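Trainee: I have a structure open and want to learn how to read it. Can we go through it feature by feature?

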Amino acid sequence: MSKIEIRNLSMEYGIKNTRFTALQSVNLDIEKGEFVSLLGASGCGKSTLLTIIDGLRKPSGGSIRISGQEITGTGKDRSIVFQNYSLFPWMTVRKNVAFGVQQLRPELNKAQRLEIADEFVEKVGLTEFRNKYPLQLSGGQQQRVAIARALATNTEILLMDEPFGALDTKTRASLQDLLLSLWRNESEKKTVIFVTHDVDESIFLSDRIIIMQPNPGRIYKDIRVPFARPRIRENLTDTEEYRNFRKEIVLSFYDAEQEANHDIQKTVSENHAPAIRSFAADSVSPLANGG
């Protein structure tokens, strides 16, 4: 049994004749301890799928099971990191992390929560900033706090929605290294689902890359990353194997979008096909294939 089982998942928005299908027939298994990236262009349903897994949204159809149990809402087995940090501006770094622990581990007292907060603030390299407020930190430092808060809750599943998307290249690479280090050194590795539209990021971080296709959002390809861990960025990206694999991912990324656009154009063409009158039957019918 997989850690996460997604079956025939669909998600629609809107009412009556203005409905929009964000996800359609999504089927996916994720094993315990896997690091899986959802890769695709904007609008392919990556973030929607992530929020459904977290329980923040209820799907229109299908199901998600975690450890065999169907989810019906948020749970203490999942934590999530967003792109916009989502820190409380009136709380210090230390208290932001401790608050996350309090929400998911209420059995701990204040001293225990602060001790855990201090441990994870140190792990992300922010001990000297622990009494600072979010607005006194850089974007990269704020995201370190968000990662510390998620890891400190000690959930089995970590969901990450483009957490490094707003950062500069150097800071982004630094936090990718930090994330992998923390994930790899856990006594029991968390199951991670990571949303991104960056090909190199998905390759460097992941065990598997799920390429998604838009309009409606669905899985296009499920590709296993062939590179052993730990991965040293400079050594990895300079190899012919890496360049060939990256090319495969890039081509699949764009093929997914092009095929989706072709499907839309075909549908529009069929729905607007010219009509002729059949005088024998006195009826109107579309021209097959436009001619």
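Trainee: Is the crossing where helix 2 passes helix 4 left-handed or right-handed?

Mentor: First, the ground rules. This is a predicted model, where local features need pLDDT of at least 70, side-chain atom pairs count only at pLDDT 80 or more, and totals for chains, interfaces and linings use all residues. Residues are numbered from 1 along each chain as its sequence is written, and side-chain values use heavy atoms, with hydrogens and water left out. Now your case: helix 2 passes helix 4 in a right-handed crossing. Right-handed means the near helix is turned clockwise from the far one by less than a right angle; anticlockwise is left-handed. Helices (H or I, at least four residues) and strands (E, at least two) are DSSP runs, numbered from the N terminus.

Trainee: At what angle do the axes of helix 2 and helix 4 cross?

Mentor: Two packed helices are described by the angle between their axes and the distance between the axes. Here the axes of helix 2 and helix 4 (residues 139–152) cross at roughly 30° and come within 8 Å. Axes are lines fitted to C-alpha atoms, for helices over the stretch in contact, with angles from 0 to 180 degrees between N-to-C directions. Helix 2 is therefore roughly parallel to helix 4 (the cut-off is under 35 degrees; over 145 is roughly antiparallel, 65 to 115 roughly perpendicular, the rest oblique).

Trainee: Which residues of helix 2 meet helix 4?

Mentor: Val93, Asn96, Val97, Gly100 and Val101 do; their partners in helix 4 are Val145, Ala148, Arg149 and Ala152. Contact means heavy atoms within 4.5 Å.

Trainee: How do helix 2 and helix 3 cross?

Mentor: Helix 2 (residues 93–104) and helix 3 (residues 110–123) have axes that come within 8 Å and cross at roughly 120°. The two helices are therefore oblique to each other. Their crossing is right-handed.

Trainee: What is the order of the strands in the open sheet of four strands?

Mentor: Strands of a sheet pair through backbone hydrogen bonds, either parallel or antiparallel. This sheet has the order 2-1-4-5, with antiparallel pairing. Two strands pair if DSSP finds at least two bridges between them. Strand 2 (20–30) and strand 5 (69–70) are the edge strands, each pairing on one side only. Strand 1 (residues 4–13) pairs with strand 2 over seven bridges. Leu9 stands opposite Val26 in strand 2.

Trainee: What does helix 1 touch when it packs on the sheet?

Mentor: Helix 1 (residues 46–54) touches strand 1, strand 2 and strand 4 (61–66).
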